[in-house]
Amino acid sequence: MVNPDDPGFILPANMPQALADFCRKTNQPAPKDPGPVVRCTLESLALRYRWVLERLEELLGRKLETIHVVGGGCQNTLLCQFTADACNRRVLAGPVEATAIGNVLIQALGLGILSTLAEAREVVRNSFEVRTYVPKESSRWEEPYQRFLNFV
């Protein structure tokens, strides 16, 4: 596993090599084949999301029940399920084009076509597919998360 926010992952010439370098630097076996590289990436992202979620909950002083994944990442079923499992939270995935949709909705609010943020959110709910992922194997993520904490 890796810390996705490590500086070594900012625009590397070769991402699989950067993953292998991080693993070697942290005394872990380096993934070599495409399958293990992808699995390392997706599991590490899900564990990082959990770390960030816990920091947010500390700041807010309350538990967040749902994680929203939007943009391109919401198309990756395995990433969304890993996130639900690692964070032990429901994940709502979609819409894919969240940035463009948000831009249009803000313009609609500015022009008075929509009156409230709640109304804009309702437009999204009624207009775009959102998939729901629920935790299935959260207990499996406890030991990897404890190891992951050594890298943050």
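## Pocket, strands and cores in a predicted model

Helix H4 (98-110) gives the most to the lining of the largest pocket, with 6 residues. Helices here are DSSP runs of H or I with at least four residues, strands are E runs of at least two, and both are numbered from the N terminus. Keep in mind that this is a predicted model, where local features need pLDDT of at least 70, side-chain atom pairs count only at pLDDT 80 or more, and totals for chains, interfaces and linings use all residues. Residues are numbered from 1 along each chain as its sequence is written, and side-chain values use heavy atoms, with hydrogens and water left out.

Back to that pocket: its volume is about 460 Å³, taken as the space filled by probe spheres set on grid points joined across faces, edges and corners. (A pocket is an open set of points on a 1 Å grid over the protein atoms alone, where a 1.4 Å probe fits, with protein on both sides within 12 Å along at least five of seven lines; lining residues have an atom within 4 Å of a point.) Of the 17 lining residues, His68, Val70, Pro95, Arg121 and Val124 lie nearest the centre. Besides H4, helix H5 (117-127) also gives two or more residues to the lining.

Now the strands, which count as paired if DSSP finds at least two bridges between them.

| Strand pair | Sense | Bridges | A bridge pair |
|---|---|---|---|
| S1 (66-69) and S2 (90-93) | parallel | 4 | Val69 and Ala93 |
| S2 and S3 (131-133) | antiparallel | 3 | Ala93 and Arg131 |

So what about the cores? A nonpolar core is a set of buried Ala, Val, Leu, Ile, Met, Phe, Trp, Tyr and Cys residues joined through side-chain atoms within 4.5 Å, and buried means under 20% relative accessible area with a 1.4 Å probe, protein chains only. The largest core has 21 residues, and Val2, Phe9, Leu19, Leu47 and Trp141 touch the most other members. Elements giving two or more residues to this core are helices H1 (15-25), H2 (34-60), H3 and H6 (142-148). A second, separate core has 11 residues, including Cys80, Ala84, Cys87 and Val91.

Beyond four places in sequence, Trp141 touches Glu43, Ala46, Leu47, Arg50, Phe82, Asp85 and Ala86; contact means heavy atoms within 4.5 Å.

Ser44 is in helix H2 and counts as buried because its relative accessibility is 0%. Leaving aside neighbours within four places, Ser44 is in contact with Met1, Val2, Pro4 and Phe148.

Key
Buried means under 20% relative accessible area, exposed over 50%, partly exposed in between (1.4 Å probe, protein chains only).
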